[in-house]
Amino acid sequence: MTIKDVAKKAGVSVATVSRVVHNYKWVSPEIRERVQKIIDEEHYQPNYISGVMATGKSNMIVIVVPDIKNPFFAQFTSTAIKLFKDAGYFSIVHETDNCSDEEISFFGSPFALLADGIISVTDGVENEKLFRMIHTLLEKKKPILFIDRLVPNSIADCVVNDNLGAMYKSVKHLYERGHKKIALITGKKGITVVHDKIAGFRNALASFGLTVCEDFIRIGDWDQNTGKSETAALLDMEAPPTAIIACNNFICEGAVEEIERRRLKIGEDISLIGTEESDSDERLFKRLGITTLRLDSKGLGVYAGKYILDRLKSGCSKNSYTTVEYSIELIERNSVSNLN
């Protein structure tokens, strides 16, 4: 059944049926009830694309993430989706693996234009290109929020984790326990995150008068294989580090696997600090006794969800934007030895 069939059967215009379908005003209760009864009886389903074109709204929010398997992204996404569902929106998750081409492809697609709002937890495109990429969406007053990447306040609102401060906390924790030979294993994809973690690590070492050993800064992918292979490379050195900072939960798991394969004991033979712990993998790190940097993935999800909903409700456009920073907590367990 088409909208014309509904209108004919109800004895009203197509425009009136459209008003009922989209819950607009200016329809008398009697007519609304008559039209709705026919819609229910005939199981009429309005054309989705036509509805979007007519109202300018899709009731769809897109969340763009690098890797949905990562516990941080999974919990963040799940938290935001629940808020959207309660508010009458449905959510689509798009995965990019922090690949700049994937990110550019999504933001340049008609699919992005269909979304009422977008949350991006990706970090693969330089700011100048990013602005050109989202310019059309901003002109259409679609709310966009970037998570865990710093963008200029002339482009969009963003929320960043204090990775610089987190690296300082980690190095300080190790230095106070006598560690001077500290290594870092990080992924290479991501502009703000990679820069801040490496810069924070270098700055922290310098602040405690420690020399930066370039061979101790290992860069690979954000996965367990990188954790295993780079930990192996560090431990095979003639003068290996006494401590390793693994820059995400997967890298940390790989480091643990390689250390245990060598029958070494974490917290005695080698010290280890993991990062990006969330509620989902807290049990694992507790069981392994790994000191970690904990992200507030649930709090970030709530903030992001409320931000998009508030912007959709107010309908306001913005000419300047803000940056919100979330602190990262160091959770002490048993994976750091005291060399003093």
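Buried means under 20% relative accessible area, exposed means over 50%, and partly exposed is what falls in between, using a 1.4 Å probe and protein chains only. Keep that in mind for Val-64, which comes out at 0% relative accessibility and so counts as buried.

## What you're looking at

This is a predicted model, where local features need pLDDT of at least 70 and side-chain atom pairs count only at pLDDT 80 or more, while totals for chains, interfaces and linings use all residues. Residues are numbered from 1 along each chain as its sequence is written, and side-chain values use heavy atoms, with hydrogens and water left out.

As for confidence, pLDDT is the predictor's own score for each residue, from 0 to 100. The chain averages 90, and 96% of the residues score at least 70.

## Overall build

The chain has 14 helices and twelve strands. These are DSSP runs numbered from the N terminus, with helices being H or I of at least four residues and strands being E of at least two. The radius of gyration is 25 Å, well over the 20 Å that the globule rule gives for 340 residues, so the chain is more spread out than a compact globule. That radius is taken over C-alpha atoms, and the rule is 2.2 Å times the number of residues to the power 0.38. Along the principal axes, the C-alpha atoms fill a box of roughly 85 × 40 × 30 Å.

Of the 340 residues in the chain, 50% are buried. Contact here means heavy atoms within 4.5 Å. Take the contacts between residues at least 6 apart in sequence: 73% of them join residues at least 24 apart.

## Surface and charge

The accessible surface of the chain comes to about 16,700 Å², and carbon and sulfur atoms account for 50% of it. Those areas come from the Shrake-Rupley method with a 1.4 Å probe; for residues, only the protein chains shown count as cover.

On the charge side, there are 43 positive and 46 negative charges, and their mean positions are 6 Å apart. Lys and Arg count as positive and Asp and Glu as negative, while His and the chain ends are not counted. Each charge is placed at NZ of Lys, CZ of Arg, CG of Asp or CD of Glu.

## Strand S1: Val-62 and Val-64

Val-64 sits in strand S1 (residues 60-65), and Val-62 is in strand S1 too. Val-62 is buried, with a relative accessible area of 0%. Leaving aside neighbours within four places in sequence, Val-62 is in contact with Ile-92, His-94, Phe-106, Phe-111, Ala-115, Gly-117, Ile-118 and Ile-119. With that exclusion also applied to Val-64, its contacts are His-94, Thr-96, Phe-106, Ile-118, Ile-119, Ser-120, Val-121 and Thr-122.

Val-62 and Ile-144 are 82 residues apart in sequence and 9.7 Å apart in space. Val-64 and Thr-322 are 258 residues apart along the chain, with 20 Å between them.

Thr-226 lies in helix H11 (residues 224-235) and counts as buried at 7% relative accessibility. Beyond its neighbours within four places in sequence, Thr-226 is in contact with Ile-185, Thr-186, Gly-220, Asp-221, Thr-231 and Ile-251.

Glu-268 is in the loop between helix H12 (249-261) and strand S9 (271-277), and at 55% relative accessibility it counts as exposed.

## Two positive phi angles

Most residues other than glycine have a negative phi. His-43 is not a glycine, yet its phi is positive, about 55°. You'll find His-43 in the loop between helix H3 (29-42) and H4, where it counts as exposed at 64% relative accessibility.

Glu-276 also isn't a glycine and has a positive phi of about 70°. Glu-276 lies in strand S9 and is buried, with a relative accessible area of 11%.
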